[in-house]
Protein chains: 2
Amino acid sequence: MRSDQELFREIKGGGVTAARGFVANALCCGIKNPKATRLDLALVYSTRPTTSAGTFTSNRVKAACVRVSREHLRRADLRAVVVNSGNANACTGRDGMRVARKECRLVAQELGLQEREVGVCSTGVIGLPMPMVRIEPRFQELCRDLSAKKGHDVASAIITSDTCEKEIAVRFSVGGKEVRIGSCCKGAGMISPNMATMICLICTDAQVSRADLQSLVGECVNSSFNRITIDGDMSTNDTCIVLANGASGVKLTPGRPGWKTFCAALQHVMLQQAWRIVRDGERITKFITVRVVGAPSVAEARAIARGVANSSLVKSSWNGGDPNWGRIIHAVGYSGKRVREERVDIDIAGLPACRGGMQADTPSDDLRARVQAESFEIRIDLNLGSSEYTVYTTDLSPEYVDFNRSEYAYWNQAKQDGLTR
Amino acid sequence: MRSDQELFREIKGGGVTAARGFVANALCCGIKNPKATRLDLALVYSTRPTTSAGTFTSNRVKAACVRVSREHLRRADLRAVVVNSGNANACTGRDGMRVARKECRLVAQELGLQEREVGVCSTGVIGLPMPMVRIEPRFQELCRDLSAKKGHDVASAIITSDTCEKEIAVRFSVGGKEVRIGSCCKGAGMISPNMATMICLICTDAQVSRADLQSLVGECVNSSFNRITIDGDMSTNDTCIVLANGASGVKLTPGRPGWKTFCAALQHVMLQQAWRIVRDGERITKFITVRVVGAPSVAEARAIARGVANSSLVKSSWNGGDPNWGRIIHAVGYSGKRVREERVDIDIAGLPACRGGMQADTPSDDLRARVQAESFEIRIDLNLGSSEYTVYTTDLSPEYVDFNRSEYAYWNQAKQDGLTR
């Protein structure tokens, strides 16, 4: 019997418009900087009615776009999502809410939709008014010239400090008909679980009920985007929106043929995107999997995995290629509530580094050789139970700090735009 | 009426042996590196019986010395404390416990004390066996030549990546008699509340009951060492030990003359030492006070103050002299449970940066000028209640990460010592 994974295939070069019935466009508005030439405003649109689902940041401080998209998603299914980079529209008060609603209204007017059928995502600096003077005149153009060939432009328009576009699409067959799932996302900084700091758009031509879709999306996000951390900083703008338009002619329902493959495929898309976000973390050099096993509960395993993954000292040692299990166990000790030091085993990149809370026999040069790799696993066995949790993370580099020292350029531009003093 | 602060005076040049009846010694044993010439083993001893109190790390992974000192303190009052740098004696299993007990026993034998009257502190790398071969032969020498003039040597012997000794002593009069409190401490890395990663020794010639002393020490630690964070990493070795030997002839009791001054003086000593630890954080450039007011509870205020103080993104922007209130409010949002974004006010270095969750009118150049200072306050008003909490912290610098990339030199030495493979 084939595994679920083998039932679907990646579509080479596929992105957010890989599934049938989805079109897109992207423009350069100079949101962050009027002289810039990069794409920064994008639209994805389903030519057919959809069901839709979404998950949003659990930060108490939420961007206006998050509030509006959440509200729209509660009241209707989304047919279109407008996304901009260069400004987060966060901490912008009532004006920010008016701007987010206006973006949805402008799209709705052009496409003949209800305002509540449009979602809106923004990413960029927090606290600056959106330069609507440069965006508003472009909505007509944005909503024309829509094409299934412009998925990649959307992927380009939504990235910020990402070094590359993040796209993936998969396909599988159900009863002789092909179902596709396409996606693009952005990450880079402010990456922490619940939800990871990012925007992810996923479009599928499967037909799925709203309730089934929302429930599945929640599960998949918990096993992917909620398991990554770069800097432990949860953003105000995290959004993952999934649209399903049924253009494949395949109706999927739990327990019926094709459902399990759809679940596995959607999970694959999200996990791949989550990993790409981690691998493209701001100025990082390593991709680390922190796996906690033998825990008395999932909550305990999660707290410890996140504690280790977010420790500045542990992350600094990874950057230095130092197999420092002492710093790992110290983070285990302050993150967990029920740790028993004398039972803790730690493997680094497949070699025993710590046994029973003490140094293992592995020669330190062997450990050191292994952690020079770009990617390895830290496996922490608490030997207290059977629960486990995995987090995907990075090292902390001097360059990350240097890169994040100043966003002053944004503020300077905002002053020139007359949006701030 | 004079304030409590005015009732005591600092003793210039005073350290851990400033109070009468305390003597000390320090040696160079080459614990970290046999060729090193710096002091790394120290002893503080009260020539008279004492009462004593202590607080220890709440990390579940505790160094052997912490376990032994805590046990001894439960069973007796400490007359002597032996401290070493260069090795933390943490994650060293039963051998580590044997070593810690042996250190106490060797001191006890030399000084004619019970083993349980000796405390032991260690600081340095985690997970390596203590090189007893270089320490054990030195205990006789350590316990002779004790002198009240060697307080500064103790301060030198206990520091690790600290750039300077941390000593303070104060004096005040009660009924014509002078009471003194002396102290030394070390900090530098792995600094996070509960308790802050550090060792602090405090010796006073006041006579105070064990119960009164323990209760006061707990209070003072909560308002000082538990309010500092450098990297959010709580160590396995945090220890604060206070000895009171009554040599001043002054008996102090709550509600009686001198008690309030004693409380204020002890609080002053701990807060000054906590601040020095922050100011001397590994490769940091700024001292930041994060003050959360208007909170619905102290717990909420504390969670938010610590969240802001530990955010890598916020700390990076401080390093860059960037008055980035957007990153501060984003950390407020993920740290607090009851935040209402539209009520949040943030002042940076005395200027309004955010009002009602939005950008304040202050010109950004004015804010920017202020945060070039080496020291400033971030004041966050939640406008939800009357509780508050203050945390003292630092920026995050590229140099911090670089400094913490590798402890490989330690492991190499341990291999040469035959203590590890």
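Domain bounds in these legends come from an automatic or database domain assignment, and the model shown is predicted.

**View 1. The two domains of chain A.** Chain A is split into domain 1, covering 4-279, and domain 2, covering 287-396. Between the C-alpha centres of domain 1 of chain A and domain 2 of chain A there are 34 Å.

**View 2. Where domain 1 of chain A touches domain 2 of chain A.** On the side of domain 1 of chain A, 10 residues are in contact with nine residues of domain 2 of chain A. Two elements of chain A, β11 (228-229) and α7 (259-279), each give two or more residues to this side of domain 1. The largest share, four residues, comes from α7(A). By class, this side of domain 1 has six nonpolar, two polar and two charged residues.

**View 3. The nonpolar cores.** The largest nonpolar core has 259 residues. Those with the most contacts inside this core are A:Val44, A:Val308, B:Ala42, B:Val44 and B:Val308. A second, separate core has eight residues, among them A:Ile284, A:Val401, B:Tyr400 and B:Val401.

**View 4. Surroundings of B:Val308.** Apart from neighbours within four places in sequence, B:Val308 is in contact with B:Val290, B:Val314, B:Ile328, B:Ala331, B:Val332, B:Ser335, B:Ile378 and B:Ile380.

**View 5. A:Gln372 in a loop of chain A.** The loop that holds A:Gln372 runs between α11 (364-370) and β18 (375-381) of chain A. A:Gln372 counts as exposed because it has 11 C-beta neighbours inside 10 Å, and the cut-off for exposed is 12 or fewer. A:Gln372 and A:Gly21 are 351 residues apart along the chain, and their C-alpha atoms are separated by 46 Å.

Notes: Residues are numbered from 1 along each chain as its sequence is written. Chains are lettered from A and ligands numbered from 1 in the order in which they are written. This is a predicted model: local features need pLDDT of at least 70, side-chain atom pairs count only at pLDDT 80 or more; totals for chains, interfaces and linings use all residues. A nonpolar core is a set of buried Ala, Val, Leu, Ile, Met, Phe, Trp, Tyr and Cys residues joined through C-beta atoms within 7 Å. A residue is buried if 20 or more other C-beta atoms lie within 10 Å of its own, exposed if 12 or fewer, and partly exposed in between; C-beta atoms are placed from the backbone. Two residues are in contact if their C-beta atoms, placed from the backbone, lie within 7 Å. Ala, Val, Leu, Ile, Met, Phe, Trp, Tyr, Cys and Pro count as nonpolar, Asp, Glu, Lys and Arg as charged, and the others, Gly among them, as polar.
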